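Let's take a walk through this structure together. Have a look at the sequence and the fold, and then we can go through them step by step.

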Amino acid sequence: MCTALWGDKAVIPDEASIHYLLDHYDNKNDLKLYLACGTEDFLFEDHKELLGKLDAKGIPYKNTYLPGIHEWAVWDRVVQEMLDYFIRGNAPAERLLSLK
């Protein structure tokens with residue numbers, strides 16, 4: 001189960017986890033991933049683990065770290081850049097703390 005994200009009371013099948021999906025997805029060139037995480041987020045270590053898995057599989061992605069915890073204030077700071085990335089194909093680097 002995906003307990004790190006949903007907690008131990010959640011009933012989320014393994015088939016719904018990002019790790020399962022990456023292990024069973026064959027056409028990695030079709031993926032366009034943008035990941036963001038607060039540097040104080042309780043999921044920060046899991047986020048870095050996911051980036052390692054993406055790197056190991058050769059799956060391209062854009063990653064952004066922002067100061068903050070797991071809350072909307074962090075996502076509000078990055079949502080416009082995410083939309084720009086998916087719609088126009090890039091995000092303004094001067095507005096992001098990007099570590100990829």
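Among contacts in the protein chain between residues at least 6 apart in sequence, what percentage join residues at least 24 apart? In this predicted model, the figure is 63%. The elements that make up the chain are four helices and two strands, and along the sequence they come in the pattern α-α-β-α-β-α. Of the 100 residues in the protein chain, 31% are buried. The chain exposes about 6700 Å², with carbon and sulfur atoms supplying 56% of that area.

Just after the helix, Gly 58 takes a positive phi of about 70°.

Now for the charged residues. Side chains of opposite charge can pair when their charged atoms come close. The structure holds three salt bridges. In one of them, Lys 53 pairs with Asp 23, the closest N and O atoms being 3.2 Å apart. Because Lys 53 lies in helix α3 and Asp 23 in helix α2, this pair ties together parts that are 30 residues apart in sequence. Asp 23 also meets Lys 57 in a salt bridge, at 3.6 Å from N to O. That pair again links distant parts of the chain, with Asp 23 in helix α2 and Lys 57 in helix α3, 34 residues apart. Asp 23 counts as partly exposed at 41% relative accessibility, as does Lys 53 at 21% and Lys 57 at 30%.

Another salt bridge joins Glu 45 to Lys 48, with the closest N and O atoms 3.3 Å apart. These two are three residues apart in helix α3, so about one helical turn separates them. Glu 45 is exposed, with a relative accessible area of 52%, whereas Lys 48 counts as partly exposed at 35%.

Our last stop is a nonpolar patch on the surface, formed by Val 79, Leu 83, Phe 86 and Ile 87, with about 380 Å² of accessible area together. Leu 83 is found in helix α4 (residues 72–88) and counts as partly exposed, at 43% relative accessibility.

Note on methods. Residues are numbered from 1 along each chain as its sequence is written. This is a predicted model: local features need pLDDT of at least 70, side-chain atom pairs count only at pLDDT 80 or more; totals for chains, interfaces and linings use all residues. Side-chain values use heavy atoms; hydrogens and water are left out. Buried means under 20% relative accessible area, exposed over 50%, partly exposed in between (1.4 Å probe, protein chains only). Contact means heavy atoms within 4.5 Å. Accessible areas come from the Shrake-Rupley method with a 1.4 Å probe; for residues, only the protein chains shown count as cover. Patches are made of residues with over 30% relative accessible area and no salt bridge: like charges are joined within 9 Å, nonpolar side chains (Val, Leu, Ile, Met, Phe, Trp, Tyr) within 5 Å. A salt bridge is a side-chain nitrogen of Lys or Arg within 4 Å of a carboxyl oxygen of Asp or Glu.
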